[in-house]
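Colleague: Could you take me through this chain, beginning with a residue whose backbone deserves a careful look, and then turning to one of the helices?

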Amino acid sequence: MPDEYGDESDLFEIVDRTTAAPNPRPPPPAPASDNARKVVQPTPQALPARKSASSILVSPRQKGNPILNSIKSLPWEYSDIPADFVLGQTTCALFLSLKYHRLHPEYIYARIRQLGQKYLLRIVLVMVDIENHQDPLKELSKTSLINNVTLMLTWSANEAGRYLELFKSCENAAPTGIKAQKAATFADNLVEFITVPRSINKTDAV
């Protein structure tokens, strides 16, 4: 029955409001796991093996070449290179047999074009293994002048191997070995002056 305090239905509404469960709050975020806190390290990349600076680099296309058996004083190793032999940072060599050149004359020209301008000193090591070699050598001499390559002739595998060793060993050599020595005294200067004519040697001048 309604009284001065109002209807009971209003009281029930107030009780329902006060006793109703509050809105649930979202749970706090879970602490980050140890794995999530760890910094992900980049995967290291494998670097290619560096070639030894003291070794002669040999192209795999030269497998079976008897020249390799003649390289004994310096180490050599196979490498993926455009030339047949790399004898330094600025020196390379191509190998050519005149027998092969007679059958495939276009081979050496294609190989020279593949080198481009990658090396300052480009050598064509020619094995003279035929009797009538005058005409092929004349042709190769013209080619060397046009393409700025150095022509080296060899008559045996041992000689060719020795040339390769010599170029490699002189890679970092100082020019003092071939530099002319200046005269230190007046007498030495006088001897040099007198011996300028080829008919007078130093023994006659002294």
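**A loop residue and a helix**

Colleague: Is Asn-148 buried or exposed?
Modeller: The model is a predicted one, and that should be kept in mind throughout. A residue counts as exposed when its relative accessible area is over 50%. Because the relative accessibility of Asn-148 is 57%, this residue is classed as exposed.

Colleague: Where is Asn-148 found, and what is its phi?
Modeller: Asn-148 is found in the loop between helix H6 (134–147) and S6. Most residues other than glycine have a negative phi. Asn-148, although not a glycine, has a positive phi of about 60°.

Colleague: Within what arc do the buried residues of H7 fall, seen down its axis?
Modeller: Helix H7 covers residues 157–169 and reaches 18 Å from its first C-alpha to its last, close to the 18 Å expected at 1.5 Å a residue. The buried residues of H7 are Ala-157, Ala-160, Gly-161, Leu-164, Glu-165 and Lys-168. They line one face of the helix, because, seen down the axis of H7, they fall within an arc of 135°.

Colleague: Which exposed residues does the face of H7 turned away from its buried side carry?
Modeller: The buried residues of H7 are covered by elements including strand S4 (91–97), strand S5 (121–127) and helix H3 (67–70). On the face turned away from that buried side, H7 carries the exposed residues Asn-158 and Arg-162.

Technical notes. Residues are numbered from 1 along each chain as its sequence is written. This is a predicted model: local features need pLDDT of at least 70, side-chain atom pairs count only at pLDDT 80 or more; totals for chains, interfaces and linings use all residues. Side-chain values use heavy atoms; hydrogens and water are left out. Helices (H or I, at least four residues) and strands (E, at least two) are DSSP runs, numbered from the N terminus. The expected span of a helix is 1.5 Å times one less than its number of residues. Buried means under 20% relative accessible area, exposed over 50%, partly exposed in between (1.4 Å probe, protein chains only). The arc is that of the directions from the helix axis to the C-beta atoms. Contact means heavy atoms within 4.5 Å.
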